[in-house]
Amino acid sequence: MGTIAVLGAGKIGEALLSGLISGGRSPEDLLFTERHPERAAELEARYGITGVTVREAAQRADLLVVAVKPQDIDPVLADLAPVLRPQSLVVSLCAGLPTSLFERKLPSGTPVVRVMPNTPMLVGEAMSAVSAGKYAGPEHVKAVTELLSCVGKVVEVPESQQDAVTALSGSGPAYFFYLVEAMIDAGILLGLPRAVAERLIVQSAVGAAKMLDEGESHPVLLREAVTSPGGTTINAIRELEKHGVRAALIAAIEAARDRSAELGRAHED
Ligand SMILES: NC(=O)C1=CN([C@@H]2O[C@H](COP(=O)(O)OP(=O)(O)OC[C@H]3O[C@@H](n4cnc5c(N)ncnc54)[C@H](O)[C@@H]3O)[C@@H](O)[C@H]2O)C=CC1
Ligand SMILES: O=C(O)[C@@H]1CCC=N1
């Protein structure tokens with residue numbers, strides 16, 4: 001894959017640019033567009049990447065990654081449509097937006113791949129799910145998969161599953177951060193110094209994540225191994241069940257899925 005342009009270099013756009021550079025890609029092969037000049041200057045100084053106009057990005061890049069908020073998509077597609085080169089590959093990271101929206105607004109036959117990544121991309125541990133649009137072939141999916149493999153793991157899913165993926169892994173890091181934050185609060189309540197509580201919980205999260213990642217045991221078995229008969233953990237689990245934490249998580253993720261679908265519907269013709 002030649003030159004890559006990121007259209008909208010906010011949190012996830014920067015995570016991608018930074019991850020690609022850490023993964024060995026030359027800043028000279030990367031471009032970005034950004035509507036805030038001070039943000040563009042910051043990124044140019046930090047990574048040595050060039051901020052350009054949409055027209056220049058379309059002229060120079062083989063692959064264009066759209067990373068603006070779903071609510072900001074219309075002007076980006078309006079700018080891109082008249083200048084996009086035939087055969088350029090468009091990759092959308094936008095929550096909720098279907099590939100059909102891009103296909104409708106961009107020149108006929110433009111290959112589009114929809115991706116839902118997440119912010120652990122910043123540390124090379126993204127979980128990204130990719131889906132091909134109507135004009136994207138296996139070679140396009142392969143190119144995007146290879147690109148995203150530099151910054152984490154990649155799965156291919158049917159586009160009909162992307163709202164669920166968005167709710168689960170797109171937003172997923174926020175749920176873990178929220179849990180960690182709540183557990184640190186519990187440590188404070190029990191009288192531990194904040195720095196100690198943070199260290200205890202963050203390292204417990206890292207250790208638990210590594211055990212899960214090894215994949216040798218199901219999460220239920222891993223939890224059971226911590227839960228001694230008549231011990232401490234079962235008393236905590238009883239409280240979690242009493243407060244409906246499992247049902248709350250299921251309902252929360254369902255609400256995120258519904259919002260993703262709603263963002264897509266807002267752009268139906
Ligand atoms: N933040 C996250 O954890 C994830 C975000 N996403 C998706 O990535 C997209 C971006 O999200 P964030 O990075 O969080 O948002 P953000 O607000 O941090 O970044 C968007 C950037 O696009 C720029 N922008 C907007 N319109 C522009 C235009 N016309 N031309 C040039 N630049 C423009 C903004 O100035 C901003 O810097 C969204 O569609 C979101 O659904 C996907 C997965 C995870
Ligand atoms: O909250 C959001 O809409 C974006 C999409 C997935 C994660 N953040």
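Is A67 buried or exposed? The model is predicted, and in it A67 has 26 other C-beta atoms within 10 Å. The threshold for a buried residue is 20 or more such atoms, so A67 counts as buried.

**The annotated binding site**

- An unreviewed UniProt entry assigns the feature "binding site" to A67, V68, K69 and P70.
- Leaving aside residues up to four places away in sequence, A67 touches V6, L7, G8, G10, I12, G13, L16 and L93.
- K69 is also placed in the loop between β4 and α4.
- K69 is exposed, because 11 other C-beta atoms lie within 10 Å and the limit for an exposed residue is 12 or fewer.

**The surroundings of ligand 1**

- The shell around ligand 1 is formed by 26 residues, of which the closest are G8, G10, I12, C94 and A95.
- Among these closest residues are G8, G10 and I12, which A67 also touches.
- Both α1 (11-22) and α4 contribute at least two residues to the shell around ligand 1.
- The greatest contribution to this shell comes from α1, with three residues.
- By residue class, the shell around ligand 1 comprises twelve nonpolar, eight polar and six charged residues.

Note on methods:
Residues are numbered from 1 along each chain as its sequence is written. Chains are lettered from A and ligands numbered from 1 in the order in which they are written. This is a predicted model: local features need pLDDT of at least 70, side-chain atom pairs count only at pLDDT 80 or more; totals for chains, interfaces and linings use all residues. UniProt positions are given in the numbering used here, feature names are shortened, and annotations may be inferred rather than shown by experiment. Two residues are in contact if their C-beta atoms, placed from the backbone, lie within 7 Å. Helices (H or I, at least four residues) and strands (E, at least two) are DSSP runs, numbered from the N terminus. A residue is near a molecule or strand if its C-beta atom, placed from the backbone, lies within 6 Å of it. Ala, Val, Leu, Ile, Met, Phe, Trp, Tyr, Cys and Pro count as nonpolar, Asp, Glu, Lys and Arg as charged, and the others, Gly among them, as polar.
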